[in-house]
Structure formats: structure tokens, C-alpha cells
Amino acid sequence: MNRIGFVVTIVACTTTASLAGTVSVEYTRRSTHPALWKLVAERNSAVAAGDLELARSVELRIQGVLKRLHPLPQGNSADVQVRLGGGCVPESFDPDVLIDTCRIRATAADYELNGAMYAAGNHVEDNGSHIYKSEDHGESWRYIGGFVSNPPEPQEKIGLVVGEGDSALVYGFLINPTNNGDLWCVRFDTGGISAHSYPVLVGSDTVTDFAVCRDYSGGNYWLYAVAANELGGPRARNDYILRSVDYGKTWAVVDTTFGIFDPHLTASAGTWMYHTHLVGPEDPGTMQLDANAYYMSPDSFVWTTIFFPDTFGAADPVAATSFEVPADSATLWMMYSFKRTGGGNWDICYFCSEGAALPNWGDSVTLAGDPDLDERFPDIRSYTFRGSPWINASYISEDRQFRAVQRRHAHSRTPTQWSDPMTLNFTSAGTGSGVRPKLCYTPGGPGTGGGAIFTGSGLLGMYWNAPWRTAVSGDEPKAASPRTGQTICCGTLLLSGGQKSKLLDITGRKVMDLPGALASGASGAVRHHDIRHIAPGVYFVREEGPRGQGSEGPSVRKVVIQR
């Protein structure tokens with residue numbers, strides 16, 4: 001790929017130490033294939049005139065030319081086994097809502113604007129990926145189907161994309177082991193009643209990693225994929241950017257490139273698409289962000305490379321924009337893990353750009369830089385409501401005993417002013433190459449609606465939690481159910497009324513009696529119970545007697561005891 005560009009050197013200010021870096025913004029120079037010249041000119045004229053509907057229809061014709069220029073082999077549908085199903089997952093009694101009880105190797109999550117959320121986890125036990133759906137803001141989940149490679153093989157990464165409008169389908173992605181790695185798409189309807197599998201990139205091209213996303217324009221949302229070969233040479237052009245405009249059935253190669261490791265894809269509220277990745281191991285401390293002005297069209301890329309040539313490591317690059325329109329002026333965040341030296345700890349850092357076209361990068365800023373913690377595996381995601389200026393970020397903060405899933409949010413007008421960290425999980429989290437906290441929204445839910453899908457310690461179990469469930473400040477608390485309202489306490493448990501109750505553990509075993517008589521010296525109908533001798537964890541208060549018997553049985557309240 002021939003490139004011309006300019007280099008801007010910046011000295012980056014952080015909250016912990018000065019961090020020097022170099023940013024190179026490079027505009028791609030390429031010779032568009034003659035078969036595309038006229039179509040590209042027609043498309044650009046439509047964009048200049050503001051007729052995005054016409055421009056998108058021309059882009060469909062460009063897609064047809066790309067498919068003829070780079071015909072992809074057709075795979076055998078037997079290469080992927082599809083499982084249909086319906087059923088509820090085990091009920092969880094913990095603030096961390098249990099979705100899956102198995103050992104998890106990789107996770108993925110997405111959502112619909114009607115509030116439904118989807119989560120997927122790949123099981124260590126059978127190598128299968130299982131998809132779950134929640135329609136009550138994460139309080140309960142049901143299994144809708146799954147997929148597994150043929151022959152079954154461990155999946156270090158899986159993808160999950162939920163379409164809307166005409167493309168209201170659930171798309172799962174996996175690497176099948178045939179041909180040293182083929183990328184496949186498995187498509188379910190949103191109820192998990194029917195499913196089909198389609199090849200994305202199959203044949204002689206090795207695929208070891210990938211990223212997927214969709215756009216948010218029109219009623220026919222398009223799908224995008226990056227297929228990376230991390231085993232190739234340092235400049236081997238064996239990495240591919242692909243696009244599907246027919247609900248995942250057929251794919252076209254938009255671009256071939258090189259040096260892609262740990263890719264991530266995201267879309268703006270308009271026509272801009274963003275692809276972040278590490279550059280190959282021959283360039284440690286180097287990341288790249290590829291911005292495309294028009295739905296990954298082959299002539300519309302702007303490349304940004306970020307160098308930290310003297311660092312021990314940069315990892316986990318991700319990006320997202322605020323969902324403001326026009327998207328050209330939306331704020332863009334690029335976030336990553338950073339480690340200055342071999343003996344140091346990992347921190348979370350980010351860049352901001354005022355505008356989709358990237359040249360206006362600010363300094364590198366440290367979001368999380370505690371000297372006593374490793375902070376890694378960031379995710380960043382916008383609220384996909386047109387006009388929304390908000391962004392959410394999550395990451396893992398780890399000490400010797402506990403991995404906490406932290407969530408923070410910021411506004412596009414003050415992109416470096418973040419909320420305080422909000423710890424989402426009560427169960428210590430697990431991490432791995434494809435096991436990272438995944439942000440997910442549930443529109444119409446309490447507060448801002450943002451939470452995270454994550455795995456438990458030792459990669460056992462997959463969970464959902466959000467600030468309103470753990471009563472963390474920064475989000476409006478969710479209205480508690482009359483039967484299972486949640487209380488968080490430390491040292492003393494306060495109960496109103498004079499009714500006798502019991503404190504039960506999560507197995508239903510009685511831990512202590514809670515007498516109904518008022519405590520000595522107490523004023524008003526409030527009971528004070530000393531619980532300093534009770535181990536931290538999740539418990540339930542069950543009210544006894546006739547007053548505790550409602551139409552649905554005894555009144556039960558969830559209690560989380562903290563130190």
C-alpha cells in the first residue's frame with residue numbers, strides 16, 4: 001500500500017506521568033480499479049449534494065463490482081453446526097445476574113434499541129458458543145440457540161451483532177478450523193426459531209483473528225468484518241476488510257492490508273466506520289486506527305498510526321464515537337492498555353479527536369493509572385441513539401485477590417472529564433484473550449441503561465451487572481421489586497416495621513433470626529440488627545407471619561452485606 005502523510009509529534013499529559021508519543025496521520029493513495037472509477041465519482045457527487053440515499057444505492061453497485069473483482073470461494077454449510085433452542089437459564093440470587101454456568105473461553109454482546117440484550121459465550125467443555133437473550137433489562141435470560149465449528153475446536157474469539165429494521169437478525173461469528181482457519185457467519189432470527197450459516201472468508205487464506213460490526217443507517221443495515229492472519233510475514237498482504245449488504249449471505253473484499261493484530265470495528269451515527277488494531281510484533285508499542293468516510297468504501301480510508309517506540313507494550317485498542325449528527329463533527333475516542341516498562345503495571349489510556357476525519361488528535365490521557373493495580377482490557381461504546389453525546393467505557397482493575405469490572409462515562413463536550421469508576425461486579429471477574437468485559441446497553445432501562453457482560457473468576461460462569469443493580473452512585477437506582485428489593489449494608493441491617501423476619505443465605509439456610517421487637521433505644525418503627533459477624537455476601541430477608549404473606553407468597557428482600 002502506497003502512503004503519503006505527515007507526522008505530528010505530541011507530548012502527552014497524563015494523570016500519573018509524562019507520556020511521549022508520535023501520531024502519524026496518513027492519507028491512503030491508491031489507484032481505484034477502472035471498473036469503479038465512474039461509480040465512485042457518481043457516489044461522491046451524491047454525497048456532495050447531500051443525497052445519502054442515492055449515494056448508498058450507488059455503493060450497492062460498487063459492492064457488486066468488488067464481488068466480481070475478488071470472488072470468494074463458497075464454503076460448505078456443514079462446516080458449522082447450528083443449534084436451535086429455547087429455555088430459561090438458572091435463576092441467580094446474586095447481584096451479578098448469572099447467564100451461563102459453564103467455563104467460558106470467549107464472550108460477545110449486543111443489543112436492540114427496543115431494550116433487548118444478547119450475550120454469547122463459548123464453552124470450554126464442548127467448544128460450542130451459546131447465545132442468550134434478555135427482554136427485561138438483564139434481570140432474566142433465556143437460551144435461544146448456538147453454534148459450533150465442525151470439527152469442534154476451541155474459539156478464542158466469537159462475534160455477535162444484532163441487526164434492526166429489515167436486517168433484524170442475530171449474527172454470530174466464529175473461526176472454523178478448516179483451511180487453517182475460515183471465518184463464518186451464523187444467522188438466527190431474534191427468537192432463535194431458525195438459523196443459517198454463511199462463509200465470510202474461506203479457502204486458502206488463513207484467519208486467526210477477526211472483528212465484526214454493523215452500521216446504523218437506513219433500514220437495511222450492512223455488516224462489516226476484518227479477517228486477520230497473525231501468522232503471516234511482517235508485510236504480507238493477507239489481512240482483509242469485508243462487507244455484506246445482504247444480511248450476511250454474501251461478502252465482498254473491500255480492501256487487503258497487512259500487520260493486523262487484535263482488531264476492533266465500530267460505526268458512527270452516519271457514514272463513518274472505524275477499525276483499530278495493533279501493528280505486528282515487529283513494531284512493539286504501535287497501534288493503528290483506520291477511519292473510512294463512507295461505509296468501508298475502498299477509496300475512502302484515512303489511516304492514523306500511533307507510535308510509542310520505547311514502551312514495553314500497548315494492547316487492546318478500541319474506538320467509538322459519540323452518536324451525534326452530523327457524524328463528521330462527532331467526538332472520537334481511541335482507548336488502549338499501556339505498559340511503560342517490563343516491570344511496571346498496565347494502565348488505561350486514550351486519545352480524543354474532535355471530528356471524524358482524525359487530524360485533530362489531542363494528547364494521550366490516562367483514564368486509569370493506579371500504581372498498585374493492573375488495569376487492562378478496555379471496551380468503549382456509544383449510546384446508539386441519534387444525537388446522543390454520551391460514551392461509556394469499561395475495563396478490568398486487578399489486585400492480588402479481586403478483578404473488578406469498572407464502568408465510567410463521559411460527554412462529548414467534555415471528553416476528558418469522566419465519571420468516577422463504578423465497580424459493577426460482586427463476583428471476581430475472569431480475563432483471557434477473548435474473555436473481556438463487554439459493554440451492553442438496555443434502552444429504556446433504569447438510569448443510563450449501561451452495564452457489562454463478564455465472566456467469573458477462573459472463567460467460570462457468565463454474568464450481567466449494571467450500576468443500578470449494585471446501587472453504585474452515578475446512575476439512578478432501579479425501582480425494586482416488591483418481592484426481591486435489594487439492600488446493601490455494612491455492619492448494621494435496618495428493617496422497618498415490627499414483623500419478625502429471618503436472614504437466609506443463597507441456599508435458603510437460616511443464618512440468623514431478626515426479631516420483630518424494636519431494638520433498645522431505637523425510635524420509630526425501625527429495627528437495627530448487628531451483622532458484623534456475618535460473612536460478606538448475598539443474603540435474603542424473609543418476613544414471617546400473616547403480614548409477610550402476599551399474593552405471591554412470603555415477602556423476600558435481597559441483602560448484600562459488605563465489609
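The lining of the largest cavity is made up of 23 nonpolar, eight polar and ten charged residues, where Ala, Val, Leu, Ile, Met, Phe, Trp, Tyr, Cys and Pro count as nonpolar, Asp, Glu, Lys and Arg as charged, and the others, Gly among them, as polar. The model is a predicted one, in which local features need pLDDT of at least 70 and side-chain atom pairs count only at pLDDT 80 or more, while totals for chains, interfaces and linings use all residues. Residues are numbered from 1 along each chain as its sequence is written, and side-chain values use heavy atoms, with hydrogens and water left out.

The structure holds one cavity of 30 Å³ or more, a cavity being a set of points on a 1 Å grid over the protein atoms alone where a 1.4 Å probe fits but cannot get out, with lining residues having an atom within 4 Å of a point. The space in the largest cavity comes to about 720 Å³, a volume being the space filled by probe spheres set on grid points that are joined across faces, edges and corners. Of the 41 residues that line the largest cavity, Val212, His264, Leu265, Asp379 and Lys438 are the closest to its centre. Among the elements that give two or more residues to this lining are β4 (97-111), β12 (209-214) and β30 (438-441), strands being DSSP runs (E, at least two residues) numbered from the N terminus. The most is given by β16, with six residues.

A search of the whole structure finds 14 aromatic pairs, for which rings of Phe, Tyr and Trp (its six-membered ring) must have centres within 6.5 Å, with planes under 30 degrees apart counted as stacked, over 60 as edge-to-face and the rest as tilted. Two of the edge-to-face pairs are set out here.

| Pair | Centre to centre | Between the planes |
|---|---|---|
| Tyr111 and Tyr441 | 5.5 Å | 80° |
| Tyr294 and Tyr295 | 4.8 Å | 80° |

Because Tyr111 lies in strand β4 and Tyr441 in strand β30, their pair ties together parts that are 330 residues apart in sequence. Both Tyr111 and Tyr441 are buried (under 20% relative accessible area with a 1.4 Å probe, protein chains only; exposed is over 50%, partly exposed in between), and together with Tyr383 they form one aromatic cluster.

The charged end of Arg56 sits over the ring of Tyr295, 4.7 Å from its centre, a charge being over a ring if NZ of Lys or CZ of Arg is within 6 Å of the ring centre and within 35 degrees of the ring normal. Arg214 lies over the face of Tyr221, at 4.6 Å from the ring centre.

There are zero disulfides in the structure, a disulfide being a pair of cysteine sulfur atoms within 2.5 Å. Cys185 counts as buried at 0% relative accessibility, whereas Cys102, at 23%, counts as partly exposed.

Notes: 1 Å grid on protein atoms, 1.4 Å probe; cavity = no way out; pocket = protein on both sides within 12 Å on 5 of 7 lines; lining within 4 Å. Helix = DSSP H or I, 4+ residues; strand = E, 2+ residues; numbered from the N terminus.
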